[in-house]
Amino acid sequence: MKQKIALVLICICIVTMLTGCWGKSELRDVGIVSGIGIDAGTEAGFELTTQTIKPGDPKAGTPASVLIQTSKGATVFDGVRNFIITAKKKQIFQHIQVVIIGRELAMTGISPALDFFMRDHEPRSSMDVFIADQTAGEILQIKNKDFPIPSLTLKESVRVQEFLSKAPQVSIHNFYQGILEPYQDPYLPIIHKVKDNFEVYGTAIFNGEKLVGDLTAFETRGMLRVLGDAKAGIQVVKLPSSENEPILISIEIKKSKSSIKALFQNGQPSIQVEIKETGFIGDVSGQIRLDQQKINEIKGLYAKAIKLEVEKTIIKIQKQFKSNVFDFAGTIQRTNKKYWKENAKQWDEIYPELSVNVNVQTDITANGLEE
Amino acid sequence: MYKWIQRKIHFKKLMNEKTEISAHFVSSELKENVNFIESIIQESSDIIFRSFDIGINQEVKAFLVAVEGLFDQTAIHENVIKPLMNLDCGSRDLLDCLDHLDKELISLSSIKKELTMDKSIEFLLKGDPVLFINGINKAFILGARAWEMRGIEEPVTETVIRGPREGFVETLRTNTAMLRRKIHHPKLRIEQTVIGKMSSTDIAIVYLDGIVNPEILKEVKKRLRKINIDAVLESGYIEEFIQDAPYSIFPTVSNTERPDVVAARLLEGRVAIMVDGTTTVLMVPYLMMESFQSPEDYYSRPYYVSLVRSLRLIGFLLSTLAPAAYVAFHDYHKEIFPTELLITIASSREGVPFPIFIEVILMLVSFEWLHEAGIRMPRPVGQAVSIVGALVLGESAVNAGLVSAPTVIVVALTAITGFLVTPLYDVTALLRIFYLVAAEILGVYGIMCVLAFFLLHVASLRSFGIPYTAPWFPITWSGWKDFVVRVPLRNLTRRPEDLRVLNEVRQNSEQGPNNLNPNERGKGR
């Protein structure tokens with residue numbers, strides 16, 4: 001009996017002592033951070049801007065809104081804790097939706113800014129990362145009645161980009177994978193401030209942890225097509241007609257698949273990008289009869305347009321930014337290990353000269369109207 | 001200390017000494033019998049003594065004792081006193097005549113001869129009038145028990161929409177008759193014993209011979225025999241003495257007020273224990289999954305029943321875990337709430353003065369108070385309680401900012417789902433508190449610790465040798481036919497495997513309309 005009691009006591013001790021963090025906190029004693037912006041500080045260190053959720057009062061009918069607070073610190077964690085001075089509450093980071101990095105900071109190197117969010121246990125690895133067109137602070141300071149909690153709106157706005165493919169959705173987890181892989185580079189969506197609103201389009205391309213340049217909205221779609229991540233979108237095709245003005249045809253992208261292959265000729269690698277895309281005809285600006293011949297013609301134009309867009313993007317990323325967004329290195333490594341072993345160290349010289357061929361196959365499965 | 005223990009032992013010895021009265025035999029002298037009874041009964045106003053003379057020509061003194069209110073006065077008058085008074089034996093000796101009293105003279109359906117006084121008094125106090133005749137050293141126990149009795153009504157605790165509307169009453173005989181009316185089979189056995197030194201309460205052990213596992217039956221009888229108490233006022237007294245785990249919060253004996261439930265359980269191979277003076281009948285062995293069954297599950301069509309069954313299971317879990325999870329998520333794991341939900345909760349908790357644990361436990365305790373008051377209060381003040389309960393504790397508390405609305409919702413949900421599984425209501429209420437305290441101290445980790453403890457505990461329980469958690473632990477797949485879902489009755493061809501019954505086959509398996517004779521198939525169109 002004594003042994004039994006002792007055993008139970010030991011169990012209770014173990015159970016209560018080995019729990020690790022004793023992190024109990026009442027909801028009203030903490031600030032729920034919904035979004036954070038990180039900029040390079042004027043002197044040294046970082047300037048942080050947060051949107052902390054200010055719960056509304058259901059009895060008074062005031063909706064929830066956000067408090068915008070700023071803080072400074074030599075490191076991000078330092079700055080985060082310094083919020084206690086301005087906010088008078090401990091900030092909790094479990095519900096961060098978005099992290100916005102200022103352009104200036106991103107150009108000098110992004111990992112000191114994001115390391116805290118990967119290392120600390122509170123932030124979720126699914127939060128989205130953005131590059132601010134200018135500073136992150138000005139984006140987070142936007143106040144607009146239409147979206148009382150802007151971070152939630154921002155997260156939603158990039159989620160619905162899958163119907164448009166003009167900005168990628170990048171979680172911090174995916175972003176860090178891009179940084180950590182040796183021959184791969186990450187990319188982030190860009191957020192622009194327009195009066196008291198924000199717009200998300202375009203892509204910031206990184207080389208290593210440094211921002212090297214931007215892609216426009218259309219180039220972003222080209223990039224996503226190569227990556228096979230273009231889920232939907234509208235491709236406008238100009239169909240020349242007998243009349244003066246060409247007829248515009250919008251094709252809704254239904255399915256876009258890509259495959260990247262490495263080919264070797266005389267021991268020299270080249271990259272073959274194949275894109276297979278299926279679309280529906282969404283609207284036609286003029287009166288034409290969509291017979292099989294016409295559809296084939298449109299198919300050809302469609303493929304041409306894709307090819308043009310994709311090639312332009314690849315050249316920009318490969319030759320201008322020298323960024324390994326497409327993971328061509330990985331493709332080559334997988335195809336020909338021997339070649340890779342010998343030439344891995346010269347990859348930075350090889351990559352910009354690598355020849356890339358783009359092949360596009362298109363199909364139009366529905367024209368939207370019953371004949 | 002030592003003295004104290006000694007005294008205890010001494011006291012125990014005293015308790016165990018049998019207080020036997022040496023047997024008194026019925027005397028042939030009427031006077032002696034009367035004196036003896038009077039000396040034992042002394043001054044009890046409800047005992048009737050009636051002396052009269054038997055026979056018209058010759059006269060023999062006779063003496064009837066009965067308890068007023070416990071026997072049928074007209075029957076005794078018409079069938080005993082009247083024929084005896086008018087007895088004309090002709091040339092035969094009156095005492096010879098009276099020897100065949102039970103066979104010829106008295107037209108009651110039950111009449112017993114008793115030789116000892118003690119037995120006679122026992123019968124007397126149970127309601128049977130006793131007749132003594134001068135010159136005969138036997139007491140005649142006249143089976144004319146009858147008393148005022150409540151009519152058979154629908155049990156208020158277990159109501160159904162479809163199903164019989166009768167419930168047990170306080171008289172054992174009526175109750176056994178109700179069972180007999182459900183199962184007209186010679187193998188329905190109703191064995192009777194008496195428990196309680198003071199109360200001498202009749203206990204009936206009911207089972208279906210040939211179906212019930214004899215080991216279980218033996219165990220039931222053994223445990224009943226061991227009971228040595230003053231009085232049995234309700235079947236709960238018996239339950240506490242025969243249950244397998246007397247210190248567990250989980251019941252291992254089930255109970256019901258419905259004859260149809262008892263009949264169904266008997267047919268599954270269980271043993272019922274009926275106690276005189278109460279409407280509640282005990283049934284063993286009891287499996288935990290029975291708590292999620294209702295008699296109506298078998299009277300309604302199976303699909304909706306299966307839905308409701310699974311909802312009951314979910315409701316049970318929700319009822320025990322919801323307040324704890326709410327507190328744990330709020331205090332320790334804020335990331336579990338979706339952001340929008342967290343904002344709503346945070347908004348409603350603005351300005352609430354108490355920590356969430358205090359808030360939840362206050363609401364839970366208030367609910368238990370309301371529940372208890374609702375049962376205990378005199379009916380006419382019922383309205384007052386419901387107004388105070390619903391308005392003050394619900395709306396006003398929220399409006400005054402003392403309690404947040406989500407807390408009220410969580411507690412209300414907890415309370416309502418708690419009533420889904422009424423056999424386990426007490427368990428649910430206790431578990432809820434355990435989980436809640438663990439959640440406050442250790443978060444979800446704490447809940448998991450307590451949950452693991454209770455799961456192990458429940459898995460270790462047995463009810464009369466049958467694993468308490470069957471059929472889910474240990475798994476018997478045939479039991480799952482009647483657990484979360486209830487398959488159509490025609491597929492429930494076997495009795496529950498877990499109960500290890502003697503005769504497993506309930507019905508043959510080919511009873512579908514497809515198996516009918518093709519000639520009959522077209523009939524009835």
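So, which residues of chain B does the UniProt annotation "transmembrane region" cover? The unreviewed entry lists 311-332, 352-370, 400-421 and 433-456 of chain B; UniProt positions here follow our numbering, feature names are shortened, and annotations may be inferred rather than shown by experiment.

Before going on, some housekeeping. This is a predicted model, where local features need pLDDT of at least 70, side-chain atom pairs count only at pLDDT 80 or more, and totals for chains, interfaces and linings use all residues. Residues are numbered from 1 along each chain as its sequence is written, chains are lettered from A and ligands numbered from 1 in the order written, and side-chain values use heavy atoms, leaving out hydrogens and water.

Okay, back to those spans. Residues 311-332 of chain B come out as 95% helix and 0% strand, with end C-alpha atoms 29 Å apart. Helices here are DSSP runs of H or I, at least four residues, and strands are runs of E, at least two, numbered from the N terminus. Residues 433-456 of chain B are 100% helix and 0% strand, and there the end C-alpha atoms lie 18 Å apart.

Now a helix pair. In chain B, α2 (residues 30-41) packs on α6 (residues 117-126) at about 60°, axes 12 Å apart. The axes are lines fitted to C-alpha atoms, for helices over the stretch in contact, and angles run from 0 to 180 degrees between N-to-C directions. That makes α2(B) and α6(B) oblique to each other; under 35 degrees would be roughly parallel, over 145 roughly antiparallel, 65 to 115 roughly perpendicular, and the rest is oblique. Who touches whom, with contact meaning heavy atoms within 4.5 Å? From α2(B) we get Asn33(B), Phe36(B), Ile37(B), Ile40(B) and Ile41(B), and from α6(B) Met117(B), Ile121(B) and Leu124(B).

Val284(B) to Pro285(B) is a cis peptide bond, omega near -10°, and Pro285(B) sits in the loop between β10 (281-284) and α11 (302-331) of chain B. Phe473(B) to Pro474(B) is cis as well, omega near -5°, with Pro474(B) in the loop between β12 (466-467) and α17 of chain B. Over in chain A, Asp327(A) has a positive phi of about 60° despite not being a glycine; look for Asp327(A) in the loop between α9 (292-321) and α10 (328-335) of chain A.

Definitions and conventions. Contact = heavy atoms within 4.5 Å.
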